[in-house]
Amino acid sequence: MNAPIIDPLQGDFPEVIEEYLEHGVMKCIAFNRRGTLLAAGCADGSCIIWDFETRGIAKELHDKDCVAAITSVCWSKDGHCILVSAADKSLTLWDVVSGEKITRTTLQQTPLQARLHPGSAKSLCLACPLSSAPMIVDLNTGSTTVLPVSVSDTGAGLPPPSRNKFSDGSPPFTPTAACFNKYGDLVYVGNSKGEILIVDHKNKQVRAVVPISGGSVIKNIVFSRNGQYLLTNSNDRTIRIYENLLPLKDGLKVLDELSTSCDEVDEAEKLKAVGSKCLALFRDFQDSITKIHWKVPCFSGDGEWVVGGSASKGEHKIYIWDRAGHLVKILEGPKEALIDLAWHPVHPIVVSVSLTGLVYIWAKDYTENWSAFAPDFKELEENEEYIEREDEFDLMPETEKVKDTDVNEDDEVDIMTVENESVFSDSDMSQEELCFLPAVPCPDVPEQQDKCVGSTSKLTDSNHSGSPLSEEAGQNGQAMNHASSPVEEDTGGTRLKRKRKPSEKGMELQAEKVRKPLKTMKSSGKISKIKNKTVVEQDTDSYVFADDVTDEYH
């Protein structure tokens, strides 16, 4: 779709289901950084990579050691690797181009979500297990570093002791959410007490705490693409947007300065004072009528829209707000529960996954505005009489005379340099980013010739019974050629055409017609006499002899 002809007054958000993807039972999805490839984790342990431009499968990653359902998929920043977490407690890093496993690590708990480090360190990932604290996992060595999820009274940053423990001795936790910031030097952890913890993952130290009103369990936490806003989804059925007050780079240095300048004596109060200077509540979103829970919230690619998928069973609803807090659209899909969704990084497209395993693509219902081509272009509702100007057909009309521009035609034009897109202008990636996968042609399935031969013989036997009419009578405006076999194959080799056996009278009449050609007569539907033989004139200017028809019936 050409961007100039789109009406600028229309909202830049999806409206209708454009298409759906089907391959097995898909559970989770993720776009690569450019939005050209879509990865989907399936219930059988495989990972499908779709070419989003052609809607075709570009690669299928399948580990014979993994037959459990995939819980999350995550692309590396350059698009060459995919991190897959599965229900069998495994983390697998794949090479996208070769389709081979790079490394595989098994955790003690099932990872509900795993995210690669947003920088160049592909071996580090952040995993959120089912019933334990978030951890940093080194995929090369398999070592794990458990992150703190609360601040104790002593300020040690460790969780309080609990009587109920797992078999491995780790204390139980309500499932927590965590995410990296834009450059991966800090981890933002949402705990079950309704707090956002800003953690230095290298030193396992809580640097700031931001309490949330209500103190509900935080189920989801995610940054916008530009790193300026933070989104949280809590059990109180509210989505909250926080403005990030820290700089995108060197956030640790700013935290050190804030901690030094703070005069609070109590450690917990000091962390809250620092947190108030790190995050500021910007807006909260909720359905004030139905008070529904939210399954998966996220930002749009440019951060202008906030989208939340309903967690209600039996409905596929997606709510879209602008950052000002106004509800602009409710997308209603099929009667299937929604389990995951993602917004395209560049285009106004939302991709959602239903409980049945189908992936629905929501796109914009475009209304073209052709007046955007020129300011004097006018769209007409009905025809109008046009009166030409007096100088309209002059060689140089007065209205089109313009001054010559000072353009040096000898200057070289640079056609090799590619301008950076505004969405990716802050990228520090090299030109080795993977955007597309080479297409692998699939061989055609050969047709079974035995079935064709069998069907040919059956049709041949049925033709001897004497059909009164032929299916191809007079296709070319001439009499039929009866010299061919009763069964004749089409050029495609799949469709069979039937021909009836000519009668003796028909052969005689045809011979007389060759000796004395008939004059071509216009098709009028009338019956004429030709040598005491009745001929029915059809609309196709071909002749069917009535005697031949009666002979076939006899």
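The following questions and answers go through the predicted model shown above.

User: What kind of model is this, and how are its residues numbered?
Analyst: This is a predicted model, in which local features need pLDDT of at least 70 and side-chain atom pairs count only at pLDDT 80 or more, while totals for chains, interfaces and linings use all residues. Side-chain values use heavy atoms, with hydrogens and water left out, and residues are numbered from 1 along each chain as its sequence is written.

User: How many helices and strands are there in the protein chain?
Analyst: Helices (H or I, at least four residues) and strands (E, at least two) are taken as DSSP runs, numbered from the N terminus. On that basis the protein chain has 5 helices and 33 strands.

User: What percentage of the residues of the protein chain count as buried?
Analyst: Buried means under 20% relative accessible area, exposed over 50%, and partly exposed in between, with a 1.4 Å probe and protein chains only. The protein chain has 554 residues, and the buried part of them is 40%.

User: Among contacts between residues at least 6 apart in sequence, what percentage join residues at least 24 apart?
Analyst: A contact means heavy atoms within 4.5 Å. Among contacts in the protein chain between residues at least 6 apart in sequence, those joining residues at least 24 apart make up 50%.

User: How many disulfides are there?
Analyst: A disulfide is a pair of cysteine sulfur atoms within 2.5 Å. The count by this rule is 0 disulfides. Cys128 is in no disulfide, and the cysteine sulfur nearest to its own, 8.7 Å away, is that of Cys179.

User: Is Cys128 buried or exposed?
Analyst: The relative accessibility of Cys128 is 3%. Because this is under 20%, Cys128 counts as buried.

User: Where does Arg55 lie, and is it buried or exposed?
Analyst: Arg55 has a positive phi, near 60°, in a residue other than glycine. Its place is in the loop between strand S4 (46–51) and strand S5 (56–62). With a relative accessibility of 19%, Arg55 counts as buried.

User: Which loop holds Lys204, and what is its relative accessibility?
Analyst: Lys204 is a residue other than glycine with a positive phi, near 55°. The loop that holds Lys204 runs between strand S16 (195–200) and strand S17 (205–211). Lys204 counts as partly exposed, at a relative accessibility of 45%.

User: Which residues does Pro111 touch beyond four places in sequence?
Analyst: Pro111 is in strand S10 (residues 111–116) and is buried, at 0% relative accessibility. Its C-alpha atom is 6.3 Å from that of Ser85, 26 residues away along the chain. Leaving out residues up to four places away, Pro111 touches Thr71, Ser85, Ala86, Lys89, Ser90, Leu91, Cys128 and Pro129.

User: Which residues touch Val137, leaving out those up to four places away in sequence?
Analyst: Val137 belongs to strand S12 (residues 135–138) and is buried at 0% relative accessibility. The C-alpha atoms of Val137 and Leu126, 11 residues apart along the chain, are 6.3 Å from each other. The residues touching Val137 are Leu91, Thr105, Leu107, Ser123, Leu124, Cys125, Ala127, Ser143 and Thr144.

User: Which residues does Ile57 touch beyond four places in sequence?
Analyst: Ile57 is in strand S5 and is partly exposed, with a relative accessible area of 42%. With residues up to four places away left out, Ile57 touches His23, Ile48, Ile49 and Trp50.

User: How many cavities of 30 Å³ or more are found, and how much space lies in the largest cavity?
Analyst: On a 1 Å grid over the protein atoms alone, a cavity is a set of points where a 1.4 Å probe fits but cannot get out; lining residues have an atom within 4 Å of a point. Grid points are joined across faces, edges and corners, and a volume is the space filled by probe spheres set on the points. The search of the whole structure gives 3 cavities of 30 Å³ or more, and the space in the largest cavity is about 50 Å³.

User: Which strand gives the most to the lining of the largest cavity?
Analyst: S4, strand S7 (81–86) and strand S8 (90–95) each supply at least two residues of this lining. The most, 3 residues, come from S8.

Technical notes: On a 1 Å grid over the protein atoms alone, a cavity is a set of points where a 1.4 Å probe fits but cannot get out, and a pocket is an open set with protein on both sides within 12 Å along at least five of seven lines; lining residues have an atom within 4 Å of a point.
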